[in-house]
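Dear colleague,

Please find below the structure I am handing over to you, with its sequence. My notes on what was found in it follow.

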Amino acid sequence: MIKLEDLTYIYSPGTPFEKKAIDSINLEIQKGEFVGVIGHTGSGKSTLIQHLNGLLKPSSGRVLIDGQDIWAEGTDRRAIRFKVGLVFQYPEYQLFEETVYKDIAYGPKNMGLDDQQIDVCVREAAQFVGVSESLFEKSPFELSGGQKRRVAIAGVIAMRPQVLILDEPTAGLDPKGRNKILMQIQRYHEVEKNTILLVSHSMEDIASCASKILVMNKSKVFTYDTVEAVFSRSEEIEKMGLAVPQITRVFHELRHRGFDVAPNVYTLAQAKSEILRLIGENTAKG
Amino acid sequence: MIKDITIGQYFPGKSVLHRTDPRMKLILTVFYIVLLFLIQNILGYIIAIGFLVVAYIIAKIPFKMVLKSIKPIIPIIIFTAILNMFFIEGESEPLFEWWIFRIAPEGVKLAVTMAIRVVCLIVGASLLTYTTLPISLTDAIEDLLGPLKKLKFPVHELAMMMSIALRFIPTLVEETDKIMAAQKARGADLESGNLMQRAKALVPILIPLFISAFRRAEELALAMEARCYHGGENRTRLKQLHYTKLDVFAFLLFVLMLVGIILLNLYAPVLI
């Protein structure tokens with residue numbers, strides 16, 4: 001679905017501010033995958049995702065979407081942007097229309113759909129993110145922070161992208177708002193079966209939704225693997241200064257103390273069954 | 001994109017020009033502009049251009065940056081040069097005459113000298129911003145306008161407004177880039193269409209930009225108040241400006257240039 005070949009991007013080349021933001025990245029993301037993207041501030045995550053829909057032009061290397069080089073001559077990059085929907089950090093700052101409905105409809109309108117199709121897209125998207133239709137005629141600037149965020153996300157979902165990329169969709173929200181948005185994204189993924197990339201600082205968020213994890217470090221891909229495989233390398237990840245889920249840390253400490261537990265526990269449910277198993281074994285021995 | 005705008009951009013370095021007192025640099029820049037308009041002799045222009053070349057070499061600013069700062073004004077220069085060429089009536093025999101068009105030698109002369117002056121002016125003024133941090137520049141302005149305080153002129157407030165404005169240019173540029181990228185991701189088409197369509201396509205960028213500028217202004221005002229900011233009264237500075245030998249030397253150099261140019265105007269035959 002998405003394939004990156006030797007992708008490199010340099011900011012402000014030829015000036016004293018020159019900086020290699022991403023460095024020869026090779027990556028292949030399959031259709032229907034839910035990928036969690038983690039890495040430090042400045043590790044190149046945001047630069048990477050802006051390449052996936054052709055907002056940034058690679059300094060060298062290629063970006064292939066469905067096998068099509070998006071910077072090849074004659075490629076319609078606007079069409080690529082409808083295919084690969086990108087929700088930026090703090091997306092509520094891009095709201096501009098008079099009403100919520102019009103703002104969500106901005107993307108589909110740019111696609112050139114007729115009013116009826118737009119209406120279907122808008123209602124569907126609003127439903128996915130839990131924006132009730134009673135808000136449609138309100139000004140987006142009257143809404144609460146969480147509502148604004150969800151309207152902005154709906155604005156991208158309304159284009160029915162095959163790939164949805166979200167850059168820190170939960171940043172700056174309270175825990176309730178965070179969980180709500182994450183659950184909605186998960187449900188959207190289950191219903192639509194499309195590819196999702198979720199950039200986040202919170203390992204808990206990623207552990208709870210993603211099927212695969214992409215770890216970025218110092219402009220390079222550190223690893224791209226399943227959640228279990230990545231969290232079993234939690235020591236290396238912690239060394240890079242990234243946190244692993246709390247429960248994974250607890251289980252690592254248990255292993256250090258000589259308990260025979262699995263190295264790749266990252267959800268509470270797994271932890272529970274693992275502890276029950278251990279207690280069961282011990283009582284059997286005792 | 002927007003990031004390519006270089007006017008007012010600082011080019012970091014540690015050269016003599018970077019170390020000269022910003023007040024002196026500001027005065028000398030004005031001095032230089034006055035000099036440019038005093039010149040009546042081709043040798044004078046050579047001195048003025050030579051000075052710039054040497055200064056840029058000392059400051060280690062690449063030639064590319066110089067080109068970048070002239071680029072946006074090239075159309076204006078060409079336009080004024082053409083106007084000058086056709087509309088200056090000379091007493092001597094016209095060089096070229098056809099229908100209502102007539103080019104006098106005086107016209108050509110003025111066109112060329114005006115072009116040189118404007119280019120020198122821009123390149124010279126850019127030298128100031130390339131080698132001086134905007135913040136030191138506003139400090140310099142505040143200091144130089146100091147005497148106006150006696151006339152109840154709000155010098156400190158003016159300088160503060162200028163430094164805040166300068167401080168927020170890069171922030172707003174970054175913000176614009178971000179909003180543009182976000183709207184492009186939603187399929188905004190900024191590059192095609194006629195003038196009306198293009199103007200309309202800017203609405204989704206300008207509205208969020210204004211809203212965020214107002215939000216930032218409010219936040220900044222609050223943050224300043226929270227730190228008990230109340231204007232310039234009894235305020236001292238962390239970094240005091242001091243004139244050094246370097247500044248005296250720079251000033252003397254300019255006086256020398258002035259004397260040279262005046263002497264050339266008086267005694268050398270007028271070559272142009």
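**Findings**

Helix 2 of chain B, residues 22-38, is built of 17 residues and reaches 24 Å from its first C-alpha to its last, close to the 24 Å expected at 1.5 Å a residue. Please bear in mind throughout that this is a predicted model.

Several residues of helix 2 of chain B are buried, namely B:Pro22, B:Arg23, B:Met24, B:Lys25, B:Leu28, B:Tyr32 and B:Leu35. The elements that cover them include helix 3 (42-59), helix 6 (105-131), helix 7 (134-144) and helix 11 (245-267) of chain B.

As to the division of chain B, domain 1 comprises 2-132 + 242-267, and domain 2 comprises 147-226. Between the C-alpha centres of these two domains of chain B there are 31 Å.

I would also draw your attention to B:Ala188, which is found in the loop between helix 8 (155-185) and helix 9 (195-201) of chain B. B:Ala188 counts as buried because it has 23 C-beta neighbours inside 10 Å, the cut-off being 20 or more. Leaving aside neighbours within four places in sequence, B:Ala188 is in contact with B:Gln183, B:Ala201 and B:Pro204, and also with A:Asn110 of chain A. From C-alpha to C-alpha, B:Ala188 and B:Pro204 are 8.4 Å apart in space, while 16 residues apart in sequence.

The contact between the chains takes 21 residues from chain A and 17 residues from chain B. On the side of chain A that touches chain B, at least two residues each are supplied by helix 2 (77-83), helix 3 (100-110) and helix 5 (145-157) of chain A. By class, that side of chain A has 13 nonpolar, 6 polar and 2 charged residues.

The largest nonpolar core has 81 residues, and those with the most contacts inside it are A:Ile104, A:Val122, A:Ala125, A:Ala154, A:Ala158, A:Ile165 and A:Leu198. Apart from this core lies another, of 11 residues, which includes B:Met24, B:Leu28, B:Leu35 and B:Leu264. Setting aside neighbours within four places in sequence, A:Ala154 is in contact with A:Ile104, A:Ala125, A:Ala126, A:Phe128, A:Val129 and A:Val131.

Finally, chain A contains an open sheet of 4 strands in the order 2-1-4-5, with antiparallel pairing. Its edge strands are strand 2 (19-29) and strand 5 (68-69) of chain A, each of which pairs on one side only. Strand 1 (residues 2-11) and strand 4 (residues 60-65) of chain A pair in the antiparallel sense over 5 bridges. The bridge partner of A:Glu5 in strand 4 of chain A is A:Arg62.

With kind regards

Key:
Residues numbered from 1 in each chain as written. Chains lettered and ligands numbered in written order. Predicted model: local features only at pLDDT ≥ 70, side-chain atom pairs only at ≥ 80, totals over all residues. Core = buried A, V, L, I, M, F, W, Y, C linked by C-beta atoms within 7 Å. Buried ≥ 20, exposed ≤ 12 C-beta atoms within 10 Å, placed from the backbone. Contact = placed C-beta atoms within 7 Å. Domains from an automatic or database assignment. Expected span 1.5 Å × (residues − 1). Nonpolar A, V, L, I, M, F, W, Y, C, P; charged D, E, K, R; others polar. Pairing = 2+ DSSP bridges.
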